[in-house]
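Q: I have a complex open here and want to go through its interfaces, then a few local details. Can you take me through it?
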Amino acid sequence: MGSAARDDIEFRSVTKAYGAVTAVRNISLNVPKGAFLALLGPSGCGKTTCLRMIGGFEQPTSGEVLIAGSGMNGVPPYRRPVNMVFQHYALFPHFNVEQNVAYGLRQMRPRIPAQEIKRRVGEALEMVRLGGFANRRIHEMSGGQQQRVALARALVNRPSVLLLDEPLAALDKKLRSAMQIELQTLQRELGITFVLVTHDQEEALSMADLVCVMSGGAIKQLGAPQDVYDRPADLFVADFVGKTNHIQATLEADGRTLRLPDGSALDVGAERNIGAGETTLAIRPEAIRLTPGGEPRGEGFAGTVTHRIFLGSSVEYSVSVPALGDFLVTADRSTDEGQLVEPGQSVRLGFDPAAAHLFPASHAAQPEGNTHGQQT
Amino acid sequence: MANRHKENLPITAQGFMDEFMRLKRGSVTRRHFLTATGLGLATAVMSRVPGAISTPAYAEDLGSQMSIATWPNYHDPATFENFKAATGVAVEVNVFGSNEEMLAKLQAGATGWSLFVPTNYTIATYHKLGLIDELDLAKLPNFSAASENPRFTKEGQIDGKTYALPKNWGTTGFAVNTSKIKAPLTSWKDFFEIAQGEADGRAMVHDYQLTTIGSALVSLGLDFNSIKPEDLAKAEELLIKVKPHLFAINSDYQPAMRATDAWMTMCWTNDGAQLNRDIPEIHYILGKDGGEIWTDYYAIPKDAPNKAAGYALLNYLMDPKVAVKEHTANGAPTTDSRVLELLPKEIVSNKIVYPDEAALTPLEFGAAVTLTDPGRAELMARFKSA
Amino acid sequence: MVTAMLLGPAAAWLVVFLVLPFIAIIVFSFGERAPEGGYQPAFTLAQFANLGARAAAFANTLTLAPIGALACLLVAYPVAYYLAVKADPRHRMLLVSLVVVPFWTSMLVRTYAWMYLLGGRGIPHLLDLVGFSDVRLLNTPGAVLLGIVYGYLPLMILPIYVSLEKLDRRLLEASADLGAHPFSTFFGITVPLSLPGVMTGIALVTILLLGEYLIPQLLGGGKVFFIGNALVDLFLQSRNWPFGSAIAVTLVAVVVMVLLIAMRIAWRVAGTRQVDLM
């Protein structure tokens, strides 16, 4: 139970059902004031429904959403101290930039003097670096500019919480990275709670200080980006956040010896408390060491490089290992000698067993659990 | 002569189509229409497929189809069915709201009519424009010039040649619902005064230059057919003064009279007879100060596609035994003494249909010049748009 | 080549049934009335100079058509709004077809129904039973307006429905999110953005009303005289084709102007050039 004074947003056992379909299942969540929360998950996981329940566009079927300590059941969107940056921005096409940004201020009662509105709109446009664009029509603006207008239109109202629904999805990659930094900077400067909905794990990890991974209407893991990446709570999170290699194996009764499909044994270093039996080992591509040359009796697994993707600062290899399947390996060119391995070459793969995550096999039933995890 | 009606008869499929076509053209209206819609439409279309049953051949090849232009509910529907049974020619009936409209169609050409029913004062114009043929009386043995009353037939003859044969005659007076209007009316002067007084909002005039302007002229002591600008200016002044008090400007007055929405209207003989028969308190009155007397004729257009059938039908209609049914059906008086002898006594003795000679004396036939006079047309437009 | 073949019939149809008649009407409008009626060739502006003789009909039409269109709009907008925004999407198509179905019956038949309803045996009779005697409805300007609203309602509802249906719901959410009461959202966002549909409806109804003659004839008792009635009389009664043609040409010019003005307004307010006439 979170305290109203500290938390800007609180979900208390919130369920949202549309007829027979349950979109959000009994979620409880506390978002502290000033946090940058990312709701991350594949489409249909319930993240957008959660955002819309904060905005007031949906009402929970049961449970309650609180904003700044006040219960919001039955409170319509226009009475909530939150503002939203909509997917595709939802800018008013019949207004120019200035009229769009001023819209929220014009709705406020008691009325704000026109002079004051003009000043604040000017400030907001300066903040998003659109100072000279006040009189432009919306359809004359580029996607990135529209995105900034949407941001200014929401922030000019000084909301307690800013909601962002896939705000960067429509931008090209370069613009997206720039906006990520800009959003993060803005959030720190304003100290407002941001809630971001995204299906892009990179976006979530790079911007948010709190990541909430959702699937099937439930929260799978809530934590700092680093925690979620380094210590995924289950195989779904491991797969969805970043890329992962899987090895299906059997854990012996001692809790630390893995029996691999090729018959060999692997010592995972310390006892894992997940119970003996069918197990999935997950290992990040960057945790695997790739050594050229394939002496059959060397350390690790022998395999053959099938594909190479050159990414500049790093290289991704696809390596086929007999009996274990395909592995994805990321080699950092700044620490390696910088020499590239050619496809067709024999290599050996090795990793520190402590970097491997073991999950009971039941978790592997996730349909998304493919070998290389979720790409963005 | 504009619209004539027979409100009490059940409408036939043919009649429905006639009404429908007429309504589509925007000439005014019929109340039967509502009850006859829906399935009636389909029935009507089906029954119009011509030549489904072939019948004995005539002496001449008449073809299988012809069309006639006439007035609404102006014929006994059985007439055309019997004609088809006798000759194998199916008759398509086109109905019209005014002589002007008939003339406009014939002037535009390609009407497809092989017989039509113009009113007396238009025949000279049709002749002048070369739109009608001299009739070959040898093909019309049923016509008997000797038994026709020349008063009603003379306008069918031009320069001694016969261009049209009379169908029937009639008068234009006014009908008054005496249960609503207590004042006695005897003249058009009375009509226009009561329309602004006791019958305020309850009187109707025709949407028709000849009778509406003519009756207004008569009420002012002027000539029914005048086209003098100073006369027309006086008539216009009267009509525009009366207009706000009128219930409607519409030649389709039977429905409103029967519903007692209207209490008084300009009226033709046949409508007057029908209204009086069904609602005895509605009286038909001829203005003692004047009004119209008219004859409707049959004529054959010059460009008739099937003249043989046109002649055959005209001859058939001239048969007194056929004509008597026509007169019984439409209620207008006959011009032919042979028919008069065959008509039932109650029709012949009806003073609405056959008024005393004294009542007819002040009436005038419409003059051809009114048909084409722009001054009367413009007056009508100003009256209606005022 | 294939395009030309596909467009050929449509183009031929347009030329034969639209362009040629219109050219004929333009030619007639510079001619003279033959002594017995009809047309005789001439080149005179007399017909246009005489337009003043139908000034009253023009005035009637140019006042009643916009009033009729506005009255239509007042009834149509809530209906279209309900259909597009409030109605259960599962029933939407059914409700929309209910709007369209009356269109399958002749306008004439529907107007006749009103003649009966407004006549002495209809609504006035019912009013009489509850003590309001001598109420006259038929053959009044109000009856004409009622007939117009009733007859043209679907033409107004459908374009507004289409533009409301296309309206991005997120804009309404954005408005609410920015603190706008539903009332402000309706007048600040919904109405301006449905303006293309509104202007389309107004243009359609106004244009058709400019040529209307049946409703004034039937429900106005022939006492309400529109340009359409003037045209019918000129062509079918007084057979003054050149004058009728001059009026028709003038009417077409007025219609084009109405259209241009309506589209201009819609473009300006909705901030887009995507204004389609159905």
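Q: How much area is buried between chain B and chain C?
A: About 3,400 Å² is buried between chain B and chain C, and carbon and sulfur atoms give 53% of that. Buried area here is the accessible area (1.4 Å probe) that two parts lose on being put together, summed over both. This is a predicted model, in which local features need pLDDT of at least 70 and side-chain atom pairs count only at pLDDT 80 or more, while totals for chains, interfaces and linings use all residues. Residues are numbered from 1 along each chain as its sequence is written, chains are lettered from A and ligands numbered from 1 in the order in which they are written, and side-chain values use heavy atoms, with hydrogens and water left out.

Q: How many residues of chain B and chain C are in contact there?
A: 42 residues of chain B are in contact with 39 residues of chain C, where contact means heavy atoms within 4.5 Å.

Q: How many salt bridges and polar contacts between the two?
A: Chain B and chain C share two salt bridges. The cut-off for a salt bridge is a side-chain nitrogen of Lys or Arg within 4 Å of a carboxyl oxygen of Asp or Glu. C:R54 pairs with B:E378 in a salt bridge, with the closest N and O atoms 2.7 Å apart.

Q: Where does α5 of chain B stand, mostly covered or mostly open?
A: Mostly covered: seven of the 10 residues of α5 (residues 99-108) in chain B are buried. Buried means under 20% relative accessible area, exposed over 50%, and partly exposed in between (1.4 Å probe, protein chains only). Helices (H or I, at least four residues) and strands (E, at least two) are DSSP runs, numbered from the N terminus. The buried set in α5(B) includes B:M102, B:L103 and B:L106. Just after α5(B), B:G109 has a positive phi of about 90°.

Q: And chain B overall, how many helices and strands?
A: Chain B has 18 helices and 12 strands. Of its 386 residues, 61% count as buried.

Q: OK, chain A. Which chain does chain A contact, and how many residues are involved?
A: 23 residues of chain A are in contact with 22 residues of chain C. About 1,900 Å² is buried between chain A and chain C, 60% of it from carbon and sulfur atoms. On the chain A side, A:Y78, A:H94 and A:Y103 lose the most area to chain C, together 33% of what that side buries. No contact joins chain A and chain B, and their closest C-alpha atoms lie 43 Å apart. Of the two pairs of chains that touch, chains B and C have the most contacts.

Q: How many salt bridges between chain A and chain C?
A: One. A:R52 forms a salt bridge with C:E173, with 2.6 Å between the closest N and O atoms. A:R52 also forms a salt bridge with A:E58, at 3.2 Å. A:R52 counts as buried because its relative accessible area is 18%, and A:E58 is buried too, at 16%.

Q: What about salt bridges inside a helix?
A: A:R119 and A:E123 meet in one, at 2.5 Å from N to O. Both lie in helix α3 (residues 114-127) of chain A, four residues apart, about one turn of the helix. A:R119 is partly exposed, at 41%, and A:E123 is partly exposed, also at 41%.

Q: Switching to chain C: is α12 enclosed or open?
A: Helix α12 (residues 227-236) of chain C is largely enclosed by the rest of the structure, because eight of its 10 residues are buried. One of them is C:N229, with a relative accessibility of 3%. Not counting residues up to four places away in sequence, C:N229 touches C:E212, C:Y213, C:P216, C:Q217 and C:V224.
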